[in-house]
Amino acid sequence: MEKTQFSSIRILTVIIGKPSPSRLACLLLTMLCLPLVACQTIDATGERHLSLIGERQEIEMGETSNEDIITTMGLYEDESLQNYVQELGSRIAATTERPELPWTFQVVDDEVVNAFALPGGYIYLTRGILSHFDNEAQLAGVLGHEIAHVTAKHSVIRLSKAMVTQLGLGVATIAVPELQEFSSMLGQGMKLLFLKFSRDDETEADRLGVRYMQNVNEDPKELMNVMAMLGRISDTGKEGALPQWASTHPHPENRMDFIAGQIAGLEHRDFQPVERESYLQRLDGMVYGPNPREGIVREAMFYHPDMAFQLGFPAEWEVVNRRGAVLGMSPGKDAAFQLTFGKDKDPVGALQSFFGQTDINGLSSSNAPINGLPAASGEFRARTNRGEVQGLATFILHGGHLYQLFGYSPLRAWSQYDREIRNTANSFERLTDNRYLDIEPLRLKIITAESATSLKELHARHKTAIPLEELARLNQIDAEEILQPGRLVKTVTGQLP
Ligand SMILES: [Zn+2]
C-alpha cells in the first residue's frame, strides 16, 4: 500500500451500496445511448466486424483506464528500463497496421508474471514478467503479441458485441460487488482487463505477433521459449502465479505448435542476435517478488515499513495488501476489515462526516486515543443492497496521515466478530521493530559463471534468497544443466524476516 493512492471512497460506496460510476463507466454508458452501428474492416486481420467504437473513443477509453491502472498497480521506478521498453515497443508498433496510435509501453510494479493490452495502444508488462525473460527477443515477442490485440481490435470488438447484446459492460461495471469481493478494490479501468479474449483472439495475436517480430528482425523462436517459461510457471500450480495469463491466455503449451507452424512458414530467417547479455544486465538490481517496503504480512500481523505502522488481524484471517488499502477477510468470508487513507487530518471530524451520510447510522462514538495516537471510533449500521451490515469505523492520525479502518459483517453475524474487529482496530500502532523498519526487497543479481558449473551448485554457493526450483524457472534452465564459463546467470539476493 502506498500513501499516494487513495481509493477509500470507492470502497465505502461498496459498503453503503451507492456506487458512483467511474469516468469509464460514464463513457461506456454514453456510448450505449448513442449507438452508431457500423461495420468496419480491421486492417491487421482483413476481417469485417461490427464496431460501435471509433478510434477517438477507443483512445479515450485507453487513456482513462491507463490512469486507473497506474493508480492501482503503480509504475516500476526505473526510468532507463521504462524508456527501453517504450523504445522497443514503439519500434515494433511502427511496423503494424496502426502506427498512428499513441502507443504507450509501461512496466508496472507488480511481481506476478503478466502482460496485458488496453484499447488505444496501452501495453503493460509487469516487472515480474521482465525478470523471467532471458533476452530481448522474448520481450519483443510478448510486446508483439500484446500489440496484436490492439491492432486486431480484440477489446473493441468484444465491447461492441457486449453493447449490442445488452450485456452492457457499462452496466456490469457499476453493479455493486458483494461485500465479500475484493474486486471492489479494482479501479473501473482494471475491469476492462477482465474482458477475456477468446482462444481465436489469442491464436490471432500469436500469428500477428510472429509477423511483427519478423518486421523488426527479432527471432520469433523466442516467443516459443516464452510459452515454455509460462508453461513451467503454470505447472507449479502456485496459486496466483499467473492470475491473468491463466484466465486470458489459456494453455501456453498448446500454442507452441501453432507458433512453430507460423515460424516454419516465414521466408526470412536471418534474424538479429537475441541480445541476451545486454538484456540481462538491464535486470541487475531489479526488485524481485513482492516489495515489503509497501507492506508485509507475518502471522496475521501487517507491517508497513515506509508508513511506519503495524496492524494485527485475527489469527485465521486472510490478509491482502493492495496499493492504497490493506484488506482482511474472515475464514467464513462473512466479515471484513479494511484500512485505507482518509483526506483530512481530523479523526473526530472524519467520524462525524462518516456518520452524517444517508444510509449510515452511527450507534456510538469515542475519541479515546489508540496506542497514544489521536483517534475517533464508533459503531455503525449501514444499509446495502445485500442487506444490513454492522461495523466499527475508526479514524487514526499517524505521521501526518489520517487512516480509516472499517471492520464490518452482516448484521446477524456482528456479535460473532464484534470483539475481533475491535481488537484489530485497537492494534494499530507505530512500527518500531527495526527488523521491519529497515526491511529491503529481494533483488535480482546477474552473475557470471566462472567455471563449468550447474545452477544447483551456484545456488548452494551463493546465498540465493529463493528455492532452487524457482531460480531454475527464472533462468529458463534445468537445475542440473551445466553452465559454461562466462555465461550470465540470474540470482536473487536479500533476505526477508
Ligand atoms: Zn493475449
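The model is predicted. Its protein chain holds 19 helices and 21 strands, and 42% of the 497 residues count as buried.

**Overall fold**
- Among contacts in the protein chain with a separation of 6 or more, 69% join residues 24 or more positions apart.

**The largest nonpolar core**
- This core has 59 residues, and L125, L143 and I147 touch the most other members.
- Helix 6, covering residues 136-151, gives the largest share of the core, with 8 residues.
- The core lies between domain 1 (10-287) and domain 3 (442-493), because both domains give residues to it.
- Leaving aside residues up to four places away in sequence, L125 touches V85, V107, A115, L130 and V142.

**A second core**
- There is also a second, separate core of 38 residues, and its members include I370, F380, F395 and Y403.

**A closer look at A115**
- You will find A115 in strand 4, which runs over residues 115-118.
- A115 has 22 other C-beta atoms within 10 Å; the cut-off for a buried residue is 20 or more, so A115 counts as buried.
- Again leaving aside residues up to four places away in sequence, A115 touches Y124, L125, I129, V142 and E146.
- A115 and R127 sit 12 residues apart in sequence, and their C-alpha atoms are 9.6 Å apart in space.

Technical notes
Residues numbered from 1 in each chain as written. Predicted model: local features only at pLDDT ≥ 70, side-chain atom pairs only at ≥ 80, totals over all residues. Helix = DSSP H or I, 4+ residues; strand = E, 2+ residues; numbered from the N terminus. Buried ≥ 20, exposed ≤ 12 C-beta atoms within 10 Å, placed from the backbone. Contact = placed C-beta atoms within 7 Å. Core = buried A, V, L, I, M, F, W, Y, C linked by C-beta atoms within 7 Å. Domains from an automatic or database assignment.
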